[in-house]
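The following note sets out numbered points on the structure shown below. Each point takes up one part of the fold.

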Amino acid sequence: MLIAVMELDKKTMVKPLEPDKILVKMPSLRAVRSFVAAAKYLSFTRAAEALCVTQAAISRQIRELEAQLGVELFKRTGRAVELTEAGNIFYDAAYLSFVNIAQAAERIQRTSSVKPALTICCSTAFSALWLSRRLPDFFAGNPDIDINVVTTGHFLQMEPGVHPDLFINKISDPREGYHSIPLFHDLIYPVCTPAFLRDNPAISSLEGLSDAVLLNLSPYGRAQVAEHVDWNVWFSFFNINLEKRTAADKHLFNANDYNMLIQMVLNHQGVSLGWHHLVAPLVEEGVLVRPVRQEVVFREKRHFLTYLESKADNEILCRFRDWFLGYMNDDSISISPNED
């Protein structure tokens with residue numbers, strides 16, 4: 001009987017687990033975090049500032065990580081650093097892992113929070129000039145919803161782990177699992193301040209406008225997801241060639257940041273092309289005016305409201321979608337140019 005009991009105890013005894021090879025081989029997360037920050041900014045100093053630690057701490061953590069991996073992760077040339085081939089490989093994997101952890105933590109926090117939240121992805125210009133002006137109205141009618149906004153110019157190459165509930169851009173069905181609602185066409189016309197028009201009355205004609213200080217949206221560094229419209233393209237619809245401008249003419253300023261161009265316009269520094277859905281409120285308020293009547297409509301391209309199909313019946317998403325589409329209908333009327 002005693003032997004039988006001993007045999008039973010052996011069978012029911014829990015065997016010790018084998019060491020988890022992945023967890024055992026894992027380097028210190030603190031060291032990996034320091035490495036990711038340094039690799040992102042290519043600067044130990046900026047990494048230290050981002051993590052609120054000393055530069056010495058960053059250097060020590062990275063040295064320990066390199067010692068554990070047995071490779072150099074950075075090439076150090078004076079004060080500058082750049083990633084080695086091994087560093088690039090490790091950064092891609094480590095950054096993606098941290099993004100996934102952060103996204104999971106955010107989802108957990110969002111689930112446990114009092115208010116449900118929607119994540120909206122749009123361009124910086126749409127966020128600053130359209131969304132920021134109207135969101136107070138949404139919050140007033142929907143105080144139980146939080147909004148997270150992610151801005152980007154690269155809708156086809158978003159950071160790993162970013163999965164917005166809604167997109168507002170020019171891409172129909174940007175990725176699997178989303179559905180798009182067509183919105184409006186691009187309506188584009190010149191805009192300036194009333195003061196600039198008073199000081200430059202010649203810009204009330206296309207010929208005079210072509211000789212004015214023009215603030216131009218350039219394509220550099222911007223995602224090529226739709227046609228690019230600049231002053232050359234816009235004037236070509238009226239058979240005016242800007243290449244005939246000479247060195248004696250007023251300058252043509254280029255920038256790939258539309259918010260910067262609009263701010264320069266507001267500072268009376270020139271004339272910019274105005275996308276109707278972005279500048280219409282400023283024109284309605286008289287802050288900006290249209291110096292000429294001419295406008296161009298690009299009917300072959302539309303903007304879209306794109307949302308997760310899995311949330312098509314989600315109450316929170318539906319409330320924002322209905323509110324947004326209501327505003328779109330209100331904004332669809334073209335504004336007449338200033339006739340002062």
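**Notes on the predicted model**

1. Pro164 has a relative accessibility of 1% and therefore counts as buried. This proline sits in the loop that links strand 4 and strand 5. Its C-alpha atom lies 8.8 Å from that of Val149, although Pro164 and Val149 are 15 residues apart along the chain. The model under discussion is a predicted one.

2. As to overall composition, the protein chain holds 13 helices and 10 strands. Of its 340 residues, 43% are buried. Among contacts between residues at least 6 apart in sequence, 75% join residues at least 24 apart.

3. An open sheet is formed by 8 strands in the order 4-3-5-10-6-9-7-8, with mixed pairing. Its edges are strand 4 (146-151) and strand 8 (252-255), each of which pairs on one side only. On average, and with direction ignored, neighbouring strands of this sheet are turned by 25 degrees against each other.

4. Strand 3 pairs with strand 4 in the parallel sense over 6 bridges, and Leu118 stands opposite Ile147 of strand 4.

5. Antiparallel pairing is found around strand 10 (residues 296-308). Strand 5 pairs with strand 10 in this antiparallel sense over 4 bridges, with Asn169 opposite Phe304 of strand 10. Strand 6 and strand 10 also run antiparallel and are joined by 9 bridges. Within that pairing, Thr306 of strand 10 is the bridge partner of Ser180.

6. Strand 7 (residues 214-217) and strand 9 (residues 271-275) are a parallel pair with 2 bridges. Leu215 is placed opposite Ser272 in strand 9. Helix 11 (residues 258-266) packs on the sheet here and touches strand 6 (178-191), strand 7, strand 8 and strand 9. The direction of helix 11 makes about 125 degrees with that of strand 9.

7. Helix 7 (residues 124-141) lies across strand 3 (117-122), strand 4 and strand 5 (166-169). Relative to strand 4, helix 7 runs at about 175 degrees.

8. How do helix 7 and helix 12 pack, and at what angle? Two packed helices are described by the angle between their axes and the distance between the axes. Helix 7 and helix 12 (residues 276-284) pack at about 50 degrees, with their axes 9 Å apart. The two helices are therefore oblique to each other, and their crossing is left-handed. Helix 7 contributes Ala125, Phe126, Leu129, Trp130, Arg133 and Arg134 to the contact, while helix 12 contributes His277, Leu278, Pro281 and Leu282.

9. In soluble globular proteins, nonpolar side chains tend to be buried together. In this model the largest nonpolar core has 64 residues, and those with the most contacts inside it are Leu209, Trp234, Tyr258, Phe320 and Phe324. With neighbours within four places in sequence left aside, Phe320 is in contact with Leu118, Ile120, Leu135, Phe138, Ile147 and Leu166. A second, separate core comprises 21 residues, among them Ala39, Phe44, Val81 and Tyr91.

10. Cys52 has a positive phi, near 60 degrees, and is located in the loop between helix 4 (44-51) and helix 5 (55-69). With a relative accessible area of 71%, Cys52 is exposed. Asn239 likewise has a positive phi near 60 degrees; its loop runs between helix 10 (231-236) and strand 8. Asn239 is exposed, with a relative accessible area of 74%.

11. Is Arg79 buried or exposed? Its relative accessible area is 91%, and because the threshold for exposure is over 50%, Arg79 counts as exposed. Arg79 belongs to the loop between strand 1 (74-77) and strand 2 (80-83). Arg79 and Ser43 are 36 residues apart in sequence, and their C-alpha atoms are 8.3 Å apart in space.

Key
Residues numbered from 1 in each chain as written. Predicted model: local features only at pLDDT ≥ 70, side-chain atom pairs only at ≥ 80, totals over all residues. Heavy atoms only, no water. Pairing = 2+ DSSP bridges. Axes fitted to C-alpha atoms, helices over the stretch in contact; angles between N-to-C directions. Contact = heavy atoms within 4.5 Å. Core = buried A, V, L, I, M, F, W, Y, C linked by side-chain atoms within 4.5 Å. Buried < 20%, exposed > 50% of the residue type's maximum accessible area, 1.4 Å probe, protein only. Parallel < 35°, antiparallel > 145°, perpendicular 65-115°, else oblique. Left-handed = near helix turned anticlockwise from the far one by under 90°.
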